[in-house]
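Let's take a friendly tour of one protein model and look at a few of its details. Have the structure open as you read.

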Amino acid sequence: SKSQYSEVALAGAEPVQVADLLSSCVEGASVQTVVERVQRMHVWLGGLLFPEAFVTATRQSVAKQLECSLEELHVGLSPSANDGVAFMVNGLRVEGAEWTRGLVVNEGSASHVQVGYLSWSKTHSEDGVVVPVYLNGDRSLLLFEVCVPVEHSMDARKVVQRAVAIVADYVSFLIK
């Protein structure tokens, strides 16, 4: 019988057959083939059993592609895909800022990110600010820190002063 967990419905995407992805891993598909399939999927970080493992795997994959060490890579999150290797993530909530083309501090409310693009590069973005990404709203479990773009009119120091953070547990995007 088909498990209720074999399909994960995500906003704006067709149901993803997790079983197909797992079978390609078991059948010995190349790592590159699996990575290419994951890049076409929307991944809900908060819905993964070990989201840190997903982030680590993406980093290792990009390091292999770019033929560089893990320490040379910097992680970024942007509202649009860039030229590099990007992984689509959704179910994110930005607390303390609005996020369109870049972060703009607000009065403290949360804004929802439809789709973000997690990418690794050898260069560190000069027009962004590093913010923490937490698994849950009480900010008790830090997943990683990520560089996000800031609107040109915004002073990046205000983002830090206001304790802006990204939370990966936003689930109402699953409700259709």
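For aromatic residues, two rings of Phe, Tyr or Trp (its six-membered ring) count as a pair if their centres lie within 6.5 Å. This is a predicted model, and by that rule it has one aromatic pair. The partners are Phe54 and Phe87, with 6.2 Å from centre to centre and 85° between the planes. Planes over 60 degrees apart count as edge-to-face, so that's the label this pair gets. The pair links distant parts of the chain: Phe54 sits in helix 3 and Phe87 in strand 5 (residues 86-90), 33 residues apart.

Now for the backbone. Glu67 isn't a glycine, yet its phi is positive, about 55°. You'll find Glu67 in the loop between helix 3 (51-66) and strand 4 (74-78). Arg139, also a residue other than glycine, has a positive phi near 60°. Look for Arg139 in the loop between strand 9 (128-134) and strand 10 (142-149).

What about cysteines? A disulfide is a covalent bond between the sulfur atoms of two cysteines. How many disulfides does a search of the whole structure find? The count is zero.

| Residue | Relative accessibility | Class |
|---|---|---|
| Glu67 | 71% | exposed |
| Arg139 | 29% | partly exposed |
| Cys68 | 14% | buried |
| Cys147 | 8% | buried |

Buried means under 20%, so Cys68, at 14%, counts as buried. Glu67 counts as exposed because its relative accessibility is 71%, and the cut-off for exposed is over 50%.

Key: Residues are numbered from 1 along each chain as its sequence is written. This is a predicted model: local features need pLDDT of at least 70, side-chain atom pairs count only at pLDDT 80 or more; totals for chains, interfaces and linings use all residues. Side-chain values use heavy atoms; hydrogens and water are left out. Helices (H or I, at least four residues) and strands (E, at least two) are DSSP runs, numbered from the N terminus. Buried means under 20% relative accessible area, exposed over 50%, partly exposed in between (1.4 Å probe, protein chains only). A disulfide is a pair of cysteine sulfur atoms within 2.5 Å. Rings of Phe, Tyr and Trp (its six-membered ring) pair if their centres lie within 6.5 Å; planes under 30 degrees apart count as stacked, over 60 as edge-to-face and the rest as tilted.
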